[in-house]
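Here is a short report on how a protein fold is put together. Look over the structure, then read on.

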Amino acid sequence: MRLVVAAVGRGRGDPAQQLFEDYRKRLPWPLELREVRAGGGGETGRAREAAALLKGLPADAYVVALDGAGKALTSEKFAAKLASVRDDGRAVIAFLIGGADGHGAPVLTRADLVLSLGPMTWPHLLVRAMLAEQLWRAASILSGHPYHRG
C-alpha cells in the first residue's frame, strides 16, 4: 500500500512540516507528499486547487478528503478503515488537504471518504502533521505495537 498526501501550500521549513517528516520516516508504508499552489480565492480558486490535487492520482486510488464537515473517526476506526482499503487490494490511498477556502466540488465528489480531524479549524501545515501522526498510530494499532493507548 502506498500513501499520498496532496496538499495546497508549501511547508518551507515550518516546524509542523518537520513533525510531518518525522512521522513519515516512521511509517511502514511509503508516503509521497505532493504540494500544489494555492489557486486564489473563490470558486475559481477552489476549482484550480481541486484540479491540481486530483491530477496524477491513479483512477483506482482510494481518496480521502480532509474537511471539517467530514466524518470523525476514532484512531481505532481509522486504522480499521486503512486495513479494509488495503485488504480490498487498493494500491494507493490519497489524502487531500485543501486550501484556505476548503475543497472544490470535484474533490468532494471524487472522495471515497470525507474525513474530519475534529470540529476546530487547524492550520494546514499542522493538519499534515496530525494526519501523519494518525497514520503512524494506525500502523501501530494494526501491528499490535504498544504505541497506541486508546
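Helix α2, residues 42-54, lies across β1, β2 and β4. Its direction makes an angle of about 160° with β1. Helix α5 lies across β1, β2, β3 and β4. With β4, α5 makes an angle of about 150°. Keep in mind that this is a predicted model.

| Helix | Lies across | Angle |
|---|---|---|
| α2 | β1, β2 and β4 | about 160° to β1 |
| α5 | β1, β2, β3 and β4 | about 150° to β4 |

Now the sheet. It is open and has five strands, in the order β2-β1-β4-β3-β5. The pairing is parallel. Which strands are at the edges? They are β2 (31-36) and β5, and each pairs on one side only. From one strand to the next, the twist averages 30°.

Strand β1 (residues 2-8) and strand β4 (residues 92-97) run parallel and are joined by six bridges. Here A6 stands opposite L96 in β4.

Next, the largest pocket. It holds about 370 Å³ of space. The lining has 20 residues, and the closest to the pocket's centre are L66, D67, G68, W122 and H124. Which elements supply at least two residues each of the lining? They are β3 (62-72), β5 (113-116) and α5 (124-143). The largest share comes from β3, with three residues. By type, the lining residues divide into nine nonpolar, nine polar and two charged.

Note on methods
Residues numbered from 1 in each chain as written. Predicted model: local features only at pLDDT ≥ 70, side-chain atom pairs only at ≥ 80, totals over all residues. Heavy atoms only, no water. 1 Å grid on protein atoms, 1.4 Å probe; cavity = no way out; pocket = protein on both sides within 12 Å on 5 of 7 lines; lining within 4 Å. Points joined across faces, edges and corners; volume = space filled by probe spheres on them. Helix = DSSP H or I, 4+ residues; strand = E, 2+ residues; numbered from the N terminus. Nonpolar A, V, L, I, M, F, W, Y, C, P; charged D, E, K, R; others polar. Pairing = 2+ DSSP bridges. Axes fitted to C-alpha atoms, helices over the stretch in contact; angles between N-to-C directions. Contact = heavy atoms within 4.5 Å.
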